[in-house]
Amino acid sequence: MQAIRKESSLGYQHRVNGATVDLPVGKAVCVGRNYAAHARELNNPIPAEPVLFIKPNTSVVNLSGQLAVPEHCGACHFEAEICILLGHSIKIGCDQAQAQAAIAGVGLALDLTLRDLQQQLKDNGLPWEKAKAFDGACPVSDFVSLDRIDDLQQLRIQLYQNNQLQQDGNSADMLTPVLPLLIYISQFFTLMPGDLVLTGTPAGVGPLAIGDRLELVLSDRIRCQTHVCAQP
Ligand code: ZN
């Protein structure tokens with residue numbers, strides 16, 4: 001029998017409460033415009049339903065140490081997001097209790113976005129994949145299990161760029177909260193053990209520069225630092 005590969009192509013492996021877990025690295029399903037203030041800052045309308053897109057597992061890397069970003073594709077924006085790791089599958093018809101029981105951990109991710117390229121693609125009515133799903137486009141932190149989180153909808157998320165606070169949001173402001181979001185996603189895409197859900201970014205996104213130091217904080221639960229370098 002062939003062993004299931006537990007690492008992404010870029011050497012990432014899921015970790016919960018400080019230990020690696022026996023889950024493959026799956027797809028990341030992402031939601032756009034889940035915070036009204038962020039939709040407004042990009043001059044986007046507030047959507048009636050969640051806007052979904054997917055990053056493949058080849059985009060998943062560690063959000064600590066070095067963060068390699070493409071250098072010659074225009075602006076690469078950070079979007080700090082609360083990230084959910086699935087420990088069990090959920091599919092169409094699941095309810096809140098099943099969605100909650102499927103959560104293996106809560107962490108942080110960056111939805112790296114080649115903003116100039118995304119704008120070009122949007123202007124031409126084309127899909128965003130090249131701007132959102134490239135190798136390394138989904139850096140992910142370690143996770144904490146749900147029993148260490150008091151309230152999923154009272155989580156503060158902060159991103160510091162070179163010691164300056166750029167993003168400061170709270171999951172209380174999500175247009176679609178985590179559990180309804182998991183249920184909504186699973187109507188279209190079965191979520192598998194090892195999949196990730198990125199829950200949208202609060203306001204304050206901006207471009208990265210080579211040499212930047214980032215610090216991301218999730219309430220008093222997760223703190224991680226990374227240093228931006230050019231992709232080889
Ligand atoms: Zn995003």
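Predicted model: local features only at pLDDT ≥ 70, side-chain atom pairs only at ≥ 80, totals over all residues.
1. Gln 161 stands opposite Leu 214 in strand S16. The strands concerned are S12 (residues 156-161) and S16 (residues 213-218), which pair in the antiparallel sense over 5 bridges. Further along the pairing, Gln 158 has Val 217 in S16 as its bridge partner.

2. On the S13 side, S12 is joined by 6 bridges, and these two strands also run antiparallel. Ile 157 stands opposite Gly 169 in S13. S12 and S13 form a hairpin with 2 residues between them. Asn 162, in the turn, has a positive phi of about 50 degrees.

3. Which strands make up the open sheet, and in what order? There are 5 strands, in the order S6-S17-S16-S12-S13, and the pairing is mixed. Strand S6 (65-69) and strand S13 (164-170) are the edge strands, each pairing on one side only. From one strand to the next the twist averages 25 degrees. As background, side chains in a regular strand alternate between the two faces of the sheet.

4. Which residues coordinate the zinc ion? The donors are Glu 79 (OE), Glu 81 (OE) and Asp 111 (OD), at 2.0 to 2.1 Å. Along the sequence these donor residues are spaced E-x1-E-x29-D. Glu 81 lies in strand S8 (residues 80-86), whereas Asp 111 lies in the loop between strand S9 (103-110) and strand S10 (113-114), so the pair ties together parts that are 30 residues apart in sequence. Both Glu 81 and Asp 111 are buried.

5. Asp 111 also takes part in a salt bridge: its side chain meets that of Lys 55 (2.7 Å, N to O). This pair links distant parts of the chain, with Lys 55 in strand S4 (residues 51-55) and Asp 111 in the loop between S9 and S10, 56 residues apart. Is Lys 55 buried or exposed? Lys 55 counts as buried because its relative accessibility is 0%. Asp 111 likewise counts as buried, at 0% relative accessibility.

6. The structure holds 9 salt bridges. One of them joins Lys 27 and Asp 195, the closest N and O atoms being 2.5 Å apart. Lys 27 lies in the loop between strand S2 (19-20) and strand S3 (28-32), and Asp 195 in the loop between helix H5 (178-188) and strand S14 (196-198), so the pair ties together parts that are 168 residues apart in sequence. Lys 27 counts as partly exposed because its relative accessibility is 21%. Asp 195 counts as buried, at 3% relative accessibility.

7. Another salt bridge brings together the side chains of Arg 223 and Glu 215 (3.0 Å, N to O). Arg 223 is exposed, with a relative accessible area of 57%. Elsewhere, salt bridges that share partners join Lys 55, Glu 79, Asp 111, Arg 115 and Lys 132 into one network. Two members of that network, Glu 79 and Asp 111, are also zinc donors.

How values were computed. Residues numbered from 1 in each chain as written. Heavy atoms only, no water. Pairing = 2+ DSSP bridges. Helix = DSSP H or I, 4+ residues; strand = E, 2+ residues; numbered from the N terminus. Axes fitted to C-alpha atoms, helices over the stretch in contact; angles between N-to-C directions. Donors = N, O, S within 2.8 Å, 3.2 Å for Na, K, Ca; no water. Buried < 20%, exposed > 50% of the residue type's maximum accessible area, 1.4 Å probe, protein only. Salt bridge = Lys/Arg side-chain N within 4 Å of Asp/Glu carboxyl O.
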